[in-house]
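Subject: Handover of a structure

Dear colleague,

Please find below the structure that I am passing on to you.

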Amino acid sequence: MNDSPKTLFVKGIIDALPLIVGGVPFGIIFGTLALNAGLDSWQTIGLSSIVFAGSAQFVAVGMIAAGTSLGFIVGATLIVNLRHLIYAASLLPHIKHLPQRWRIPLGFFLIDEVYAATYPNYLKNANSNNHWHYLGVGVAFYLSWNIATVVGILFGANIEGIADWGLDFAMSATFIGMVMPHLINKPMVAGVLTSAVLAVVTYSLPHKIGLVIASVAGMAVGYALEQRLSEKERS
Amino acid sequence: MSLNIWLLIALMAVVTFGIRYALYARANAVTLPPKLERALKYSAPCVLTAIWVPAVMMPQGELALTANNPYLVGATVAIVVALWKKNVLLTIVTSMLCFFAYKWLVL
């Protein structure tokens, strides 16, 4: 069965909806926090529409508020978004056949939520039009993220105390929902626990360097344990 | 020293798009070393965890492992539902409902 581009595009939008539920409150709180950090409305919209990187935008706004210099913020953006490289690597076989005019927007849309909604579709359905599904997910999430940002800007300016509502919990809830299904073997559990503990221990270090230490150490522990277990199996 | 926000946005956009598009750009020529591929597999769960764990355990910047911390309560619900049902929408909706109910009704 080869669904039409239109059918797949709509299916992509539908598959994006669960993650949009978590993304919208997060986008709203981003809009309000960015204003509090001293950005103007257009700069806030610029971050959401040009950069389009939820957690990196959050980290950047926190660093701007703390008076961090430009180089460190760009460096933190690199570290926080480096995981998107693995998403690109795992989708690579599926987008190889597409021309650049497709690869550029698909690359731009490659965030956690878009990957989480798109990759399972590639595994489930062998369909040469699957990039339409990917595009549907990306467009739906992009629009919802930017609308939520604008709503946050409007709310932030008019509703007292919205920053204290705890809408940022939506980000944690979404990330927990995405991480837990990965915890199916010892190396992954060990890696994630390492990152969890180190992220708390190193939290007070400047320039979000703790996030870097915790992430890299968790990956190293997971990888090393996987190597050891596979060596044991062989011997 | 004042930060040039638009320059920052431009650089963040270049870095972010660069990471996402680098492999796509030369998709036909690229093969990742298997070792790197195996290590990168841990990247998303580890980075996401390094973001959400401090967010729920220390929402005010200090470790708050008490019942007065609604983030901790909401996250516990999210973890249980996610491991049990393996459904992202259900995880987000139930844990957010619990989070807000606990924050407004209990605390």
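Chain A has 235 residues and a radius of gyration of 19 Å; a compact globule with that number of residues would have a value near 18 Å, so the two agree. Please bear in mind throughout that this is a predicted model.

**Chain A as a whole**

The C-alpha atoms of chain A occupy a box of roughly 60 × 50 × 30 Å along the principal axes. Its secondary structure consists of 11 helices and 0 strands, so that from the N terminus on the elements read α-α-α-α-α-α-α-α-α-α-α. Of the 235 residues in this chain, 50% count as buried. When contacts in chain A between residues at least 6 apart in sequence are taken, 77% of them join residues at least 24 apart.

**Domains of chain A**

The domain assignment divides chain A into domain 1, residues 5–178, and domain 2, residues 183–235. Taken over C-alpha atoms, the centres of these two domains of chain A are separated by 25 Å. Domain 1 of chain A contributes 7 residues to the contact between them, and domain 2 of chain A contributes 4 residues. On the side of domain 1, the elements that give two or more residues are α3 (54–65) and α4 (70–81) of chain A. Of the elements on that side, α4(A) gives the most, with 4 residues. By class, the residues that domain 1 of chain A presents to domain 2 are 6 nonpolar, 1 polar and no charged.

**Chain B as a whole**

Chain B has 5 helices and 0 strands, in the order α-α-α-α-α along the sequence. Its radius of gyration is 20 Å, whereas a compact globule of 107 residues would have one near 13 Å. The box filled by the C-alpha atoms of chain B, taken along the principal axes, is roughly 55 × 45 × 25 Å. Buried residues account for 43% of the 107 residues in chain B. Among contacts in chain B between residues at least 6 apart in sequence, 30% join residues at least 24 apart.

**The contact between the chains**

In the contact between the two chains, 71 residues of chain A meet 63 residues of chain B. Helix α9 of chain A, residues 169–179, gives the most to the side of chain A that touches chain B, with 11 residues. That side of chain A comprises 47 nonpolar, 18 polar and 6 charged residues.

One helix pair across the two chains may be described in detail. Helix α6 of chain A (residues 100–108) packs with helix α1 of chain B (residues 5–25) at an angle of about 145°, and their axes are 8 Å apart. The crossing of α6(A) with α1(B) is right-handed. From α6(A), the residues involved are Arg103(A), Ile104(A), Leu106(A), Gly107(A) and Phe108(A); from α1(B), they are Phe17(B), Arg20(B), Tyr21(B), Tyr24(B) and Ala25(B). The residues of this contact divide into 7 nonpolar, 1 polar and 2 charged.

**Two asparagine residues of chain A**

Asn81(A) is found in helix α4 of chain A. Is Asn81(A) buried or exposed? Asn81(A) is buried, because 25 other C-beta atoms lie within 10 Å, and the cut-off for a buried residue is 20 or more. Leaving aside neighbours within four places in sequence, Asn81(A) is in contact with Ala53(A) and Ala56(A), and also with Thr16(B) and Ile19(B). The C-alpha atom of Asn81(A) is separated by 29 Å from that of Leu229(A), which lies 148 residues apart along the chain.

Asn129(A) has its place in the loop between α7 (112–124) and α8 (130–158) of chain A. Asn129(A) is partly exposed, because it has 15 other C-beta atoms within 10 Å, a count that lies between the limit of 12 or fewer for exposed residues and that of 20 or more for buried ones. Which residues does Asn129(A) contact, leaving aside its neighbours within four places in sequence? They are Asn2(A), Asp3(A), Pro5(A) and Leu8(A). Between the C-alpha atoms of Asn129(A) and Leu47(A), which are 82 residues apart along the chain, the separation is 31 Å.

Technical notes: Residues numbered from 1 in each chain as written. Chains lettered and ligands numbered in written order. Predicted model: local features only at pLDDT ≥ 70, side-chain atom pairs only at ≥ 80, totals over all residues. Domains from an automatic or database assignment. Nonpolar A, V, L, I, M, F, W, Y, C, P; charged D, E, K, R; others polar. Rg over C-alpha atoms; globule rule 2.2 N^0.38 Å. Axes fitted to C-alpha atoms, helices over the stretch in contact; angles between N-to-C directions. Left-handed = near helix turned anticlockwise from the far one by under 90°.
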